[in-house]
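Visitor: I'm new to this one and would like to go through it piece by piece. Can we put it up and start with a helix?

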Amino acid sequence: MYSGALMRRGPYISMITNRTMNVLIRAAVLFMVGVFLALVLNLLQVQRNVTLFPPDVISSIFSSAWWVPPCCGTAAALIGLLYPCMDRRLGEPHKLKREWSNVMRCVAVFVGINHASAKVDFANNVQLSLTLAALSVGLWWTFDRSRSGFGLGVVIAILATLATQLLVYNGVFQYTSPDFLYIRSWLPCIFFAGVITVGNIGRQLALYEYKVSQEKTHQD
């Protein structure tokens with residue numbers, strides 16, 4: 001009787017183990033994506049003197065504090081896992097065509113938005129902030145369009161902005177020409193676009209995992 005119960009529970013335990021392993025793999029991939037984007041995008045900001053770190057903090061060829069990439073990687077892993085989870089909880093399927101090429105275009109647009117914030121000269125900060133806000137919402141409309149995606153993007157952007165304000169207030173780093181409570185007013189737009197981008201990557205990874213599991217089920 002005991003052995004029979006173990007045999008019945010065997011496939012269930014195996015399924016739970018496989019699911020946990022898949023989540024860990026997705027988290028690792030998202031972490032690496034977050035680290036890579038942090039290195040590239042922060043390099044743009046530092047080169048244009050948008051962000052300034054203390055001289056003793058900068059110790060790498062990427063001109064960034066050591067803690068920035070790991071923090072961004074951890075945030076990317078959490079956001080990328082949260083998005084498909086919220087889709088399932090709310091029963092809100094993704095309405096747009098989901099392919100890796102679409103995800104890569106979303107990443108390219110996000111890098112372009114960040115590049116514009118660092119490289120393009122605008123008449124004033126208000127014009128820059130409004131332009132980046134329009135581009136960020138346009139990115140959501142083009143590659144997401146879900147209410148959960150928009151809501152999570154706004155909430156996480158607000159929390160990330162508050163965390164950045166605390167770091168700047170405590171002298172960890174600073175922004176040149178701050179115009180909104182120690183930071184630049186366009187920063188929430190960058191955070192929002194980043195959340196949408198990482199969320200799309202997380203959704204695509206979850207979809208790929210689902211397709212692979214379905215193929216294995218059909219083969220069995």
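Visitor: What should the 23 residues of H2 span, and how far apart are its end C-alpha atoms?
Guide: This is a predicted model. At 1.5 Å a residue, H2 should span 33 Å, and its end C-alpha atoms are 32 Å apart, so the two values agree.

Visitor: Which residues of H2 are buried?
Guide: The buried residues of H2 are Val-68, Pro-69, Gly-73, Ala-76, Ala-77, Ile-79, Gly-80, Tyr-83, Pro-84 and Asp-87.

Visitor: How many salt bridges does the count come to?
Guide: Two. The other joins the side chains of Arg-203 and Asp-144, at 2.9 Å from N to O. Here Arg-203 in helix H6 is linked with Asp-144 in the loop between helix H4 (125-143) and helix H5 (147-169), and the two residues are 59 residues apart. Both Arg-203 and Asp-144 are buried.

Visitor: Which residues make up the network of salt bridges?
Guide: Asp-87, Asp-144 and Arg-203 are linked in that network.

Visitor: Different topic. What about the phi of Arg-145?
Guide: Arg-145 has a positive phi of about 70°, although it is not a glycine. Most residues other than glycine have a negative phi.

Visitor: Where does Arg-145 lie?
Guide: In the loop between H4 and H5. Arg-145 is partly exposed, with a relative accessible area of 36%.

Visitor: Which ring does Arg-145 lie over?
Guide: Arg-145 lies over the face of Trp-141, at 4.4 Å from the ring centre. Trp-141 is partly exposed, with a relative accessible area of 48%.

Visitor: On to rings, then. How many aromatic pairs does the structure hold?
Guide: Three. One of them is formed by Trp-140 and Trp-141, a tilted pair at 5.9 Å centre to centre with 55° between the planes. Trp-140 is buried, with a relative accessible area of 13%.

Visitor: What kind of pair do Trp-140 and Phe-150 form?
Guide: An edge-to-face pair, with 5.0 Å centre to centre and 65° between the planes. This pair links distant parts of the chain, as Trp-140 is in helix H4 and Phe-150 in helix H5, ten residues apart.

Visitor: And Phe-150, buried or partly exposed?
Guide: Phe-150 is partly exposed, with a relative accessible area of 33%.

Visitor: Last one. Which residues do ring pairs link into a cluster?
Guide: Trp-140, Trp-141, Phe-150 and Phe-192.

Technical notes:
Residues are numbered from 1 along each chain as its sequence is written. This is a predicted model: local features need pLDDT of at least 70, side-chain atom pairs count only at pLDDT 80 or more; totals for chains, interfaces and linings use all residues. Side-chain values use heavy atoms; hydrogens and water are left out. A salt bridge is a side-chain nitrogen of Lys or Arg within 4 Å of a carboxyl oxygen of Asp or Glu. Helices (H or I, at least four residues) and strands (E, at least two) are DSSP runs, numbered from the N terminus. Buried means under 20% relative accessible area, exposed over 50%, partly exposed in between (1.4 Å probe, protein chains only). The expected span of a helix is 1.5 Å times one less than its number of residues. Rings of Phe, Tyr and Trp (its six-membered ring) pair if their centres lie within 6.5 Å; planes under 30 degrees apart count as stacked, over 60 as edge-to-face and the rest as tilted. A charge sits over a ring if NZ of Lys or CZ of Arg is within 6 Å of the ring centre and within 35 degrees of the ring normal.
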